Amino acid sequence: MDRVVLHYRPGSALRLSTLLQQTQRLLEPLALRPPPAFRPWFPCGAAHCRAIRPAKPPPHISPAGGVPTENQPGTTDRTQDAPCRVQLVAPGTGSGTEREVPAVRRSWSVSRQSGVQLQSRMSLSSRLRRLVSLHRLHLRQRAKWVITQQNCSNLDEAWRRLSRSVRRAGLPTCNANIQRERAEIWVFCDVLHCEQVGRHLKDELRLAGRIHLAVHRLGNIFSM
Amino acid sequence: MTTLTRQDLNFGQVVADILCEFLEVAIHLILYVREVYPSGIFQKRKKYNVPVQMSCHPELNQYIQDTLHCVKPLIEKNDAEKVVVVIMDKEHHPVERFVFEISQPPLLSISSDTLLSHVEQLLRAFILKISVCDAVLNNNPPGCSFTVLVHTRDAATRNMEKVQVIKDFPWIVADEQEVHMKEPRLIPLKSMTSDIVKMQLYVEERAQKT
């Protein structure tokens, strides 16, 4: 045991001896209670006779197949927008090395741009149409308008107006969030409607200067 | 405080509802923690006021729901002794078994407080233990799958009819190799005692996993 130093106020010898006794008692090791040995309540005897299981095996999901497709709280399901497919492999057909591949968070597969009519492209300006062709963008791909403090003096007021607009369905295919740390508002919409949304934002929120449109991986591609 | 028998208020159903809801959360979490499925199919959710991981894969979710839907009548009638989540290697030999032992008292002393807050707190502790159990378990070999076993109090064949509640989801008697593990390491995780149910969770881990 380490040395223990007791500081006390000088007084009677009796008081000192009491203090020493008390200290000694406190330094005594605590009584240890051995934990009870763990024992299963229902040990396996002829347990296999009483065990049942589903005949059907659970689905096998390859590491590349992790994409949610069902509507659940907290998940966005835009199957018509996002060309994603769940990759299911029948049990027993998966290759043995599948799990050696590092797990990826999501896997997007290429799909044809069949969901949007050609006429829809006509609603885009020639400049944006050129950019869409140049970058090979899908018209249902999500794009993001970024509103900064340079566009409006009061970001919270702009956010309130924007929320009203979204509620009134004035902004097609839009969802938005406010990034308070960055002092920015992000408005997401389909590329197809981005010009219409951008014009609406500028008018409705009375934005000053230019707002920029960004798409994933490419960054800013357009401004108005 | 009121004393009720199992027949009152269809109490078995209440217990089965609580336990099946808990088992659903627990199975999702075990599959995530033990990396049976890619982490990409899981999303963070909140249950019992703690973060949990839940699969977003519709087929897997349906499978777990169907399984528990069939297990529920057994728990309701107090016929289920153990619900075991078995993690198996490529050769279908168990490497880990998460054993939920369930015991229901014949007499119930309940109050609304007991049901709502105390049981939830106890179940939360199970979830927290599962979420950190990888610290005491060895890594599983690649390519693992899982199954859910239900150990019944009577012979399995007598309970077959009770579990066949979904037409396209048949149940069979488990093979001996799925149930037994050679000299497993026993890791107790959590036990609880409440007025409505007693439950204990431990893991049987195969000594040599690879």
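A: B:N49 counts as exposed because it has 9 C-beta neighbours inside 10 Å; a residue is exposed if 12 or fewer other C-beta atoms lie within 10 Å of its own, buried if 20 or more do, and partly exposed in between, with C-beta atoms placed from the backbone. The model is a predicted one, in which local features need pLDDT of at least 70, side-chain atom pairs count only at pLDDT 80 or more, and totals for chains, interfaces and linings use all residues. Residues are numbered from 1 along each chain as its sequence is written, while chains are lettered from A and ligands numbered from 1 in the order in which they are written.

B:N49 lies in the loop between β2 and β3 (50-55) of chain B; strands (E, at least two residues) and helices (H or I, at least four) are DSSP runs, numbered from the N terminus. The phi angle of B:N49 is near 65 degrees, a positive value in a residue other than glycine. Most residues other than glycine have a negative phi. B:E35 also has a positive phi, near 55 degrees. This residue, B:E35, belongs to the loop between α1 and β2 (42-47) of chain B, and B:E35 is partly exposed because 16 other C-beta atoms lie within 10 Å.

Helix α1 of chain B (residues 11-33) packs with helix α2 of chain B (residues 58-76): their axes come within 9 Å and cross at roughly 145 degrees. Such axes are lines fitted to C-alpha atoms, for helices over the stretch in contact, and the angles run from 0 to 180 degrees between N-to-C directions. The crossing of α1(B) and α2(B) is right-handed, the near helix being turned clockwise from the far one by less than a right angle.

An open sheet of seven strands takes in both chains, in the order β8(B)-β1(A)-β7(B)-β4(B)-β5(B)-β10(B)-β9(B), with antiparallel pairing; two strands pair if DSSP finds at least two bridges between them. Its edges are β8 (171-173) and β9 of chain B, each of which pairs on one side only. Neighbouring strands of this sheet are turned by 20 degrees against each other on average, with direction ignored. Strand β1 of chain A (residues 51-54) is joined to β7 of chain B (residues 145-152) by two bridges, and these strands run antiparallel. Within that pair, A:I52 has B:V150 in β7(B) as its bridge partner.

Strand β10 of chain B (residues 198-205) is mostly covered, with seven of its eight residues buried. Eight bridges link β10(B) to the antiparallel strand β5 of chain B (residues 94-103), and B:S103 has B:K198 as its bridge partner there. Another eight bridges link β10(B) to β9 of chain B (residues 185-193), also antiparallel. B:K190 stands opposite B:L201 in this region, and β9(B) and β10(B) form a hairpin with four residues between them.

Taken as a whole, chain B holds five helices and 10 strands, and 41% of its 210 residues count as buried. In chain A, with five helices and eight strands, 20% of the 224 residues count as buried. Chain A has a mean pLDDT of 71, and 68% of its residues reach 70 or more; pLDDT is the predictor's confidence in each residue, from 0 to 100. Over residues 65-120 of chain A, pLDDT stays under 50, although the model has 83 contacts beyond four places in sequence for them.

Definitions and conventions: Contact = placed C-beta atoms within 7 Å.
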